[in-house]
Amino acid sequence: MNDHADAALQINRRFTLQRRPNGLPVAEDFALLTAPLPSLQPGQLLVRNVCASLDPAIRGWLDDLPSYLPPVALGDAVRATTVGRVLASRNPEFAVGQWVLGLNAIEDVSLVSPGGFTMAIDADAVPSVTNYLSVLGAVGLTAYFGLLEVGKPSAGDTVLVSGAAGAVGSLVGQIAKIKGCRTIGIAGGADKCRRLLRDYGYDVAVDYRGKSVDELAAAIAAAAPDGVDVVFENVGGVVLDATLRNLKRGARIALCGLISEYNSTSGRIGARNIWELIVKSATISGFLISDFLPRFGEGALEMASWLAQGKLRADEHIDDGIENALPAFLRLFEGSNQGKMMLRIAQ
Ligand code: NDP
């Protein structure tokens, strides 16, 4: 066994789930607890988490409901994808100091057993190692495969993106432009709408805040008088209902997320205007980024090449300190994140 690389680190701070949230998570749902570092069995490693990805999906993992991953157990550290360095290893494939990407938790140190999702990454090959949690990780690939394989845009198509200034949405808009599409972004507030035009190259920005379905549908109609060919849906609710009223015949909706209902206290909200799918012979297809796992290499290569050519802007919003895990996570639901939301746990 290799020695611990960071001998000073003996106590593990863990952001644990104590109670299942009812609606928007509150401080009482969590506790920052400490525990001794776990000891290693053969094949296992300890990862010193440097940065955790704060994803809207985490909200779903806090509920005790069937989903694509089991719920976070009460008392466990909150699950998150992290980048970090191997602190100790009894696995010949991982040396101490090696950078890794894995599905771990919001804690100083994660115990990793063989068979889970953990891979070695090259921190020197990218502008910042955090890019593995944003443009070159699941977020970037969600934008890439969700738009190109589910939305299937052609050059000249009008592509509408909700959550357009966010981590996934900002990349979707830029990829659609690379593919020669006209892009309409929907986001909350004047500042975000300015960023859609200035930073992410959207042709039109639509502010959804304070608008009814009718008002938002009218704003989309003004931006796309002939309707939209492709929708990349991150939000649901009012935004999806208004969008459904502006489809072109044969439109494709890539259903990526429904963030407006993740904190609903009255169950799923759903869509009211699905009649429009019949009228417009349109399709709506949900997808999970894991559906494209076998093709991750191909997608990451093209995203990396666009990034290197300066064709993609990839904003990251990194808050510091494990003690700030909850306010940092809540930014996703307030809309105060300016780019891919992450939490720095160690330097
Ligand atoms: P973002 O960086 O887009 O952050 C979330 C944004 O959502 C906020 O900034 C806010 O922007 C917007 N938002 C929050 N609450 C609401 C609301 N009630 N109504 C409208 N907009 C709201 O997060 P991500 O890019 O990480 O995730 C975007 C979506 O993609 C999520 O729905 C997520 O679940 C989904 N996703 C799906 C994956 C898949 O495999 N299918 C994989 C990864 C992500 P604003 O200020 O504009 O309101």
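Is M119 buried, partly exposed or exposed? M119 is partly exposed, at 39% relative accessible area, where buried means under 20%, exposed over 50% and partly exposed in between (1.4 Å probe, protein chains only). Keep in mind that this is a predicted model: local features need pLDDT of at least 70, side-chain atom pairs count only at pLDDT 80 or more, and totals for chains, interfaces and linings use all residues. Residues are numbered from 1 along each chain as its sequence is written, and side-chain values use heavy atoms, with hydrogens and water left out.

**Surface patch**

- M119 sits in strand β7 (residues 118-120); helices (H or I, at least four residues) and strands (E, at least two) are DSSP runs, numbered from the N terminus.
- Together with L103 and F117, M119 makes a nonpolar surface patch with about 260 Å² of accessible area.
- Patches take residues with over 30% relative accessible area and no salt bridge, joining like charges within 9 Å and nonpolar side chains (Val, Leu, Ile, Met, Phe, Trp, Tyr) within 5 Å.
- Accessible areas come from the Shrake-Rupley method with a 1.4 Å probe, and for residues only the protein chains shown count as cover.

**Around T130**

- T130 belongs to the loop between β7 and α2 (138-151), and counts as buried at 3% relative accessibility.
- Its side chain makes polar contacts with the side chains of S128 (2.6 Å) and E316 (2.6 Å).
- A polar contact is a pair of N or O atoms within 3.5 Å; within protein, one must be able to donate a hydrogen and the other to accept it, and residues adjacent in sequence count only if both atoms are side-chain atoms.
- Setting aside neighbours within four places in sequence, T130 is in contact (heavy atoms within 4.5 Å) with C51, E316, I318 and M342.

**Helix α9**

- The buried residues of α9 (residues 325-334) are A325, L326, A328, F329, L330 and L332.
- Their cover includes β1 (11-17), β2 (30-36), α1 (57-61), β14 (316-320) and β15 (340-344).
- G335 follows the helix, with a positive phi near 80 degrees.

**Ligand site**

- Of the 25 residues around the ligand, K192, Y208, Y262, I289 and N337 come nearest; a residue is near a molecule or strand if one of its heavy atoms lies within 4 Å of it.
- An N or O atom in the K192 side chain is 2.7 Å from a ligand oxygen.
- The ligand taken alone exposes 910 Å², and the protein buries 89% of that.
- α3 (167-178) and α9 are the elements giving two or more residues to the shell around the ligand.

**Salt bridges**

- The structure holds 20 salt bridges, each being a side-chain nitrogen of Lys or Arg within 4 Å of a carboxyl oxygen of Asp or Glu.
- D29 pairs with R19 (2.9 Å, N to O); D29 is buried at 2% relative accessible area, whereas R19 is partly exposed at 43%.
- D199 and R195 pair up too (3.6 Å, N to O), with D199 buried at 12% and R195 buried at 6%.
- R195 and D199 also join R198, R313 and D315 in a network of salt bridges.
- D320 and R344 form another, with their closest N and O atoms 3.6 Å apart.
- D320 lies in strand β14 and R344 in strand β15, so this pair ties together parts 24 residues apart in sequence.
- Both partners are partly exposed, D320 at 45% and R344 at 22%.
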